[in-house]
Structures are given as C-alpha cells and as structure tokens.
Amino acid sequence: MSFMLIQTPNPLTLKDALPDFTKTTHIFLPINDCRNPSVAEGGSHWSLLLVSIVDGVAFHYDSLNPANRDEAITTTKKLGTLLGKDLQFLDLPDSPQQENSSDCGVFVCVQMKHLLLKKLMRADKEQKVSMSMGGKHIDASHGRKAMLEVIEGFRKEGESRRS
C-alpha cells in the first residue's frame, strides 16, 4: 500500500482499491525505498510506519535511521490526503538499530508484533501509550527463527487440509 501511495500522484484515485478505513484506529505500513515501479523486487531497505488515525500521528521506525525518512514522509502526506486528515509525521530516532545490512525486514516484523501485542492491545481505551521503541533490543536471529516457526505452522496446516 505504501508503494502505491508513493507512486500515485493523486492518492484519492486509490480509494476504491483500498479498504474502508473509517473504523480503523491504526495502520501498519512497511516502507521500502524502491523508486522504480517496474522492478518488483527493487529497493534495499525496509522500515515501519505506524499510523495512529485516532491521534493523527504517523510514527516512523527505521533500523538504519534516517534511510527511509523521505519515503515515510511522502507516504504520511499521501495517506493523510486519502483519509482526509492532517497527519503529523514523527520520526523516532531511538528505534533499535540493526548491526548489518540484511536485518531490516526482520526488524519491521518484530517491531510490528511488539507494538501491536505489547503496546496497542494492552492499552486502555482512554489511556495514551508511548509508542517509543527506545531501549528495546531486537534479536534478529531470534526473530528469524520465530518467523520460520510461523511459516512451518502454516505449511503443516496446509498439508493436513490437503490430506
């Protein structure tokens, strides 16, 4: 979705192709730095944009900060146009940083899981929640193993359905 928003001059033309966000409180958007729409596997880095529609804030988590800042800002502006709402962009420089050039996708998945399960799902409706990931350590190796376990679970489930 973020790629479509970045590539589309007028985001309102995407309205019919996207879900109805009227009852949505938060949107998780992986951001990629690919700028060429003809290269499906393009880009070299992923980050996470968490948009709180209720608060009008887009939180950007980049494990190679500020690598995807421009793409995240553009996505925020265009999503705001699509939603008919001004969104404040908030880059979070205290996001956990990766130590190599290959863990960005794992970082996005682990951060998304943490933010959803440990922050948003535990929050009281009236309570403001800190969306900072400051001080959070991400073990990319553990994250990869957890992702493989999920994939293996789906593979086994598919096999049992076919038999």
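Which residues are linked in a network of salt bridges? In this predicted model, the network joins Glu152, Arg155 and Glu159. Let's walk through that spot, and then visit some others.

Five salt bridges are counted in the model. Arg155 and Glu152 both sit in helix α4, three residues apart, or about one turn of the helix. Glu159 and Arg155 are four residues apart in helix α4, so about one helical turn separates them. Another pair in the helix, Arg161 and Glu157, has a spacing of four residues, again about one helical turn.

| Salt bridge | N to O distance |
|---|---|
| Arg161 and Glu157 | 2.8 Å |

How open are these side chains to the surroundings? Arg155 is partly exposed at 38% relative accessibility, as are Glu152 at 30% and Glu159 at 39%. In the other pair, Arg161 counts as exposed with 67%, while Glu157 is partly exposed with 34%.

**Two patches on the surface**

A patch of positive charge gathers Lys113, Lys118, Arg122 and Lys136 on the surface. One of its members, Lys136, belongs to the loop between α3 (104-120) and α4 (140-162). Lys136 counts as partly exposed because its relative accessibility is 32%.

There is also a nonpolar surface patch, about 280 Å² in area, formed by Leu116, Leu117 and Met121. Leu116 is located in helix α3, and its relative accessible area of 34% makes Leu116 partly exposed.

**Cysteines without partners**

How many disulfides does the structure hold? The count is zero. A disulfide needs two cysteine sulfur atoms within 2.5 Å. The sulfur of Cys34 has its closest cysteine sulfur in Cys104, but the distance is 13 Å, so the two are too far apart for a bond. For Cys109, the closest cysteine sulfur is likewise in Cys104, and at 10.0 Å this is too far for a bond. Are these two residues buried or exposed? Cys34 is buried, with 7% relative accessibility, whereas Cys109 is partly exposed at 37%.

**A cis peptide bond**

One last stop is the backbone between Asn65 and Pro66, which are joined by a cis peptide bond with omega of about 10 degrees. Pro66 lies in the loop between β3 (57-61) and α2 (69-83).

Conventions: Residues numbered from 1 in each chain as written. Predicted model: local features only at pLDDT ≥ 70, side-chain atom pairs only at ≥ 80, totals over all residues. Heavy atoms only, no water. Patch = residues over 30% accessible without salt bridge, like charges linked within 9 Å, V, L, I, M, F, W, Y side chains within 5 Å. Areas by Shrake-Rupley, 256 points an atom, 1.4 Å probe, with all protein chains shown as cover. Salt bridge = Lys/Arg side-chain N within 4 Å of Asp/Glu carboxyl O. Lys, Arg positive; Asp, Glu negative; His and termini not counted. Charge placed at Lys NZ, Arg CZ, Asp CG, Glu CD. Helix = DSSP H or I, 4+ residues; strand = E, 2+ residues; numbered from the N terminus. Buried < 20%, exposed > 50% of the residue type's maximum accessible area, 1.4 Å probe, protein only.
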